[in-house]
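Please open the model in your viewer and keep the selection tool at hand. The tour below moves from one selection to the next and says what is found at each stop.

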Amino acid sequence: MSDSAFHYVGGVLHAEGVSAASLAEQFGTPLYVYSRDALTRAYHAYADACAGRRATVHVAVKANSNLAVLNVFARMGAGFDIVSSGELARVLAAGGRAQNTVFSGVGKSAAEMREALEAGVKCFNVESIPELHALNEVAKSLGRKAPVSLRVNPDVDAKTHPYISTGLKSNKFGVAFGDARATYAQAHAMAHLDVVGIDCHIGSQITEISPYLDAVDKLLELVEQIESDGMSIRHVDVGGGLGITYDDETPPDIGDFVKTLLDHIEKRGHGQREVYFEPGRSLVGNAGVLLTRVEYLKPGEEKNFAIVDAAMNDLARPAMYEAFHRIVPVVKRDAKAHRYDVVGPVCESGDWLGRDRELAIEQGDLLAICSAGAYGFVMSSNYNTRPRAAEVMVDGERARLVREREEVKQLFAGESILPD
Ligand code: LLP
């Protein structure tokens, strides 16, 4: 397995010191299981590489917003990167601080801006001129100045899946590189904005450092121009995006990645600026698995299907991006493996979790879908009126339910029928 928090003991998969079979027994399936130790180690890999440097880590809440997960990071002093006032509320409920939170996103509403400004977020990562105007108005109505960074689109190829590549000209994100200097000048002229930084985010599941170095070079070139126009850029936010091993990918080590970027920025003569990182997947992805039970085995002429109780509504990534997640048995069997498509009960052909997997399994067996800690539960839905899964956090020998399994009656509690 790609992360030692999940390992076999006597042929049974364990999360830290707890058997995954016993977790499924106790909490039912489908079940998301997170390892506190894996979260802690991934965070430390970033934080240790930042220690003694002018650099800070902002956990991208969108990757996994469970309060217990956010709280593990908050206790270690993490900052956060949010994209909605809902995520801000989660950060605050989990013990995070608004003062350490940056607000990203291409379509913040005026109400969200107001909430974030009142809470005192550290910076708004703004993506367009109309958004600058909107933020200026909101700040004016509160008699405040809003701290602003512009998300610049550096037009570099992150060499990842097109749906999760965000730094190309053709993407909806950021201010075009060629327009950035003029946009900064506009921001500077707005009375209720305080220009403090520059940011980018070039994509996700990136497995090479070179696109980051290209992006940083372009950003720093702009910073020099902007400062010669009379503004002062205190921080450079390089976004998130570092990839993880789902299968055989070999992303750079987190510490090497951080160090390489910080050294590069320093060498370019910008070491006085604070560098922000916004990692999501690389902090939580391999800290979670999704446990599911085999409902039926359905042999076929062309394919064998293992129909499991988790589905595309629980883990959307395979259906949405054809993403690969390793699938392993919770209890290893000494039997002949067969090739299966692992599919869910949802009425869609796109409802699959893994294709052509060699598995020695029987009806009723448990499987673990690996690397499910990022963009797993957070992207789940109630399609087919399926209650969302429960979430559990393991900490050494202990396991704690950190989100109850939904009940069907909750799913339509806010609905009503016409009176006549
Ligand atoms: N900062 C910003 C502004 C972002 O848009 C994102 C992710 C991150 C940070 C964190 O990126 P990470 O370190 O997790 O790559 N649902 C897709 C991934 C979408 C990523 C969106 N932005 C997936 O399941 O692969």
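Begin by selecting tyrosine 375, which in this predicted model has a relative accessible area of 15% and is therefore buried, since the cut-off for that term is under 20%. Follow the chain to either side of the residue, and you will see that tyrosine 375 sits in the loop that runs between strand 19 (366-369) and strand 20 (390-395). Leaving aside residues up to four places away in sequence, tyrosine 375 touches Lys62, Ala63, Arg281, Leu315 and Arg317.

Next, show the ligand together with tyrosine 375, where a polar side-chain atom of the tyrosine lies 2.6 Å from an oxygen atom of the ligand. The protein covers 90% of the 590 Å² of accessible area that the ligand has on its own. Select the 18 residues around the ligand, of which Ser204, Glu278, Arg317, Tyr321 and Tyr375 come nearest; this shell divides into six nonpolar, six polar and six charged residues. In the side chain of serine 204, an N or O atom is 2.3 Å from an oxygen atom of the ligand, while for the side chain of lysine 62 the corresponding distance is 3.1 Å.

Now move to arginine 281, one of the residues touched by tyrosine 375, and find it in helix 10 (residues 281-284). Arginine 281 is buried, with a relative accessible area of 4%, and its side chain makes a polar contact of 2.7 Å with the side chain of tyrosine 246.

Finally, select Gly241, Glu278, Pro279, Gly280, Arg281 and Tyr375 together, as these are the residues that UniProt, in an unreviewed entry, lists under "binding site".

Key:
Residues numbered from 1 in each chain as written. Predicted model: local features only at pLDDT ≥ 70, side-chain atom pairs only at ≥ 80, totals over all residues. Heavy atoms only, no water. UniProt positions renumbered as here; feature names shortened; annotations may be inferred. Helix = DSSP H or I, 4+ residues; strand = E, 2+ residues; numbered from the N terminus. Buried < 20%, exposed > 50% of the residue type's maximum accessible area, 1.4 Å probe, protein only. Polar contact = N/O pair within 3.5 Å; in protein donor to acceptor, adjacent residues only side chain to side chain. Contact = heavy atoms within 4.5 Å. Near = heavy atom within 4 Å. Areas by Shrake-Rupley, 256 points an atom, 1.4 Å probe, with all protein chains shown as cover. Nonpolar A, V, L, I, M, F, W, Y, C, P; charged D, E, K, R; others polar.
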